[in-house]
Amino acid sequence: MNASPLAAEPFPAPQPRTEDERTLLVKVFGKDRPGITAGLFATLAGFGVDVIDIEQVVTRGRITLCALVTPPGAPGAEGGLRSVVHRWAEEQKLQAEIISGIGDNRPRREGRSHVTVLGHPLTAAAVSALTSRITAAGGNIDRVFRLAKYPVTAVELAVSGVATDRLRAELAQEAATQRVDVAVVAAGLERRAKRLVVMDVDSTLIQDEVIELFAAHAGCEQEVAEVTAAAMRGELDFAESLRARVALLAGLDAGVTEKVRAEVRFTPGARTLIRTLQRLGYQVAVVSGGFTQVTDHLVEQLGLDYAAANTLEVEDGRFTGRVVGDIVDRAGKARWLARFAEQAKVPLSQTVAIGDGANDLDMLNAAGLGVAFNAKPVVREAADTAVNVPFLDTVLYLLGITREEVEAADVLDGLPTD
């Protein structure tokens with residue numbers, strides 16, 4: 001059998017480009033419409049140039065298209081390329097600029113991070129303050145990309161030249177001053193790896209505190225709410241406060257559980273967050289200081305992979321005022337995170353934890369990325385990043401997922417984005 005022509009002619013090995021090689025930056029800008037990119041490169045193709053880099057952005061219907069190419073090889077052809085590109089641009093009612101130079105972009109420096117900024121609104125003053133801080137820390141902004149335009153404005157900055165931990169510390173204070181949310185994570189493959197996401201339930205996945213819903217049926221809601229608030233601020237030992245609150249439910253008909261389940265309100269964006277993560281192959285878990293009487297129902301509703309919570313003891317159809325087994329407290333949540341990660345075969349560095357209360361702190365600190373969601377001050381100060389807008393799906397932007405991608409997937413599945 002004869003060898004195929006492709007096998008007889010091996011692909012030539014690429015030749016590395018040198019830093020002192022001459023290049024041309026071809027830039028066109030003007031009103032966007034279909035065919036501009038194809039038209040520019042059809043024009044350049046006539047001169048046999050190689051493409052080194054392409055950047056294109058469209059903002060409010062105005063396109064800026066940049067092509068970094070090698071100069072044409074034929075003597076005197078560069079002048080012809082300039083003339084033809086300008087003529088083509090004029091015919092298209094565009095402006096063109098061609099700049100001769102040396103080499104490509106400088107390699108990005110060590111210390112690479114993704115900085116996600118969420119604003120509601122995102123003001124020019126906030127952008128100025130944050131970018132100035134990056135510069136002052138020795139960082140360089142290599143690229144900026146919008147992730148979402150509603151319900152919040154979210155942009156991502158690729159930054160190099162400064163260590164991630166230092167950059168996070170530099171921007172945290174400025175973010176609080178400017179009333180925006182900023183997340184800083186190290187660049188690299190781990191950010192895009194399949195992960196395990198573990199969420200708190202009360203005041204995170206849902207808007208309610210489940211024990212207060214039960215307490216409302218027992219006639220002691222206000223008393224329980226005051227103790228819950230103090231525990232979430234870290235002012236009381238969680239386990240002791242939980243026992244005290246549960247004791248007030250003694251004698252309550254356990255049949256009220258169905259009513260409580262019906263009263264639970266998901267946080268805006270919760271369903272969108274979970275189904276998007278599941279589409280991407282993430283495993284999703286909840287760990288709660290609340291009760292399995294409600295979390296079991298959430299697992300069924302949302303198709304969650306793992307769950308852990310306390311269980312209210314029931315005897316003769318009524319709550320006894322006690323909890324069965326060990327209490328899921330602050331340390332317990334961190335242990336469940338580690339246990340879920342082991343079961344999911346995911347290293348802790350590739351986990352995300354989301355919570356709002358002091359009892360979530362160990363879990364947030366143990367995870368690869370800890371997100372304080374509308375959290376108490378003690379939690380915001382300790383977490384990797386804080387999100388202070390009332391939309392849980394904004395966590396997707398911290399993972400580099402855009403609003404357009406989420407909505408396109410929902411449309412394909414015939415689902416509304418909540």
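Here are a few friendly notes on one helix pair and some salt bridges in this predicted model.

1. Some ground rules come before the details. Local features need pLDDT of at least 70 and side-chain atom pairs count only at pLDDT 80 or more, while totals for chains, interfaces and linings use all residues. Residues are numbered from 1 along each chain as its sequence is written, and side-chain values use heavy atoms, with hydrogens and water left out.

2. Take helix α4 (residues 124-136) and helix α5 (residues 164-178): their axes come within 10 Å and cross at roughly 155 degrees. The axes are lines fitted to C-alpha atoms over the stretch in contact, with angles from 0 to 180 degrees between N-to-C directions. α4 and α5 are therefore roughly antiparallel, the term for angles over 145 degrees.

3. The contact (heavy atoms within 4.5 Å) includes Ala129 and Arg133 of α4 and Arg166, Glu170 and Glu174 of α5.

4. The whole structure holds 21 salt bridges, each a side-chain nitrogen of Lys or Arg within 4 Å of a carboxyl oxygen of Asp or Glu. One of them pairs Lys333 with Asp360, with the closest N and O atoms 2.5 Å apart. This pair links distant parts of the chain, 27 residues apart: Lys333 lies in helix α12 (residues 330-344), and Asp360 in the loop between β13 (351-355) and α13 (361-366). Lys333 is buried, at 1% relative accessible area, and Asp360 is buried at 0%; buried means under 20%, exposed over 50% and partly exposed in between, with a 1.4 Å probe and protein chains only.

5. For contrast in setting, Arg233 and Glu235 form a salt bridge at 2.8 Å, where Arg233 is partly exposed at 41% and Glu235 is exposed at 52%.

Methods. Helix = DSSP H or I, 4+ residues; strand = E, 2+ residues; numbered from the N terminus. Parallel < 35°, antiparallel > 145°, perpendicular 65-115°, else oblique.
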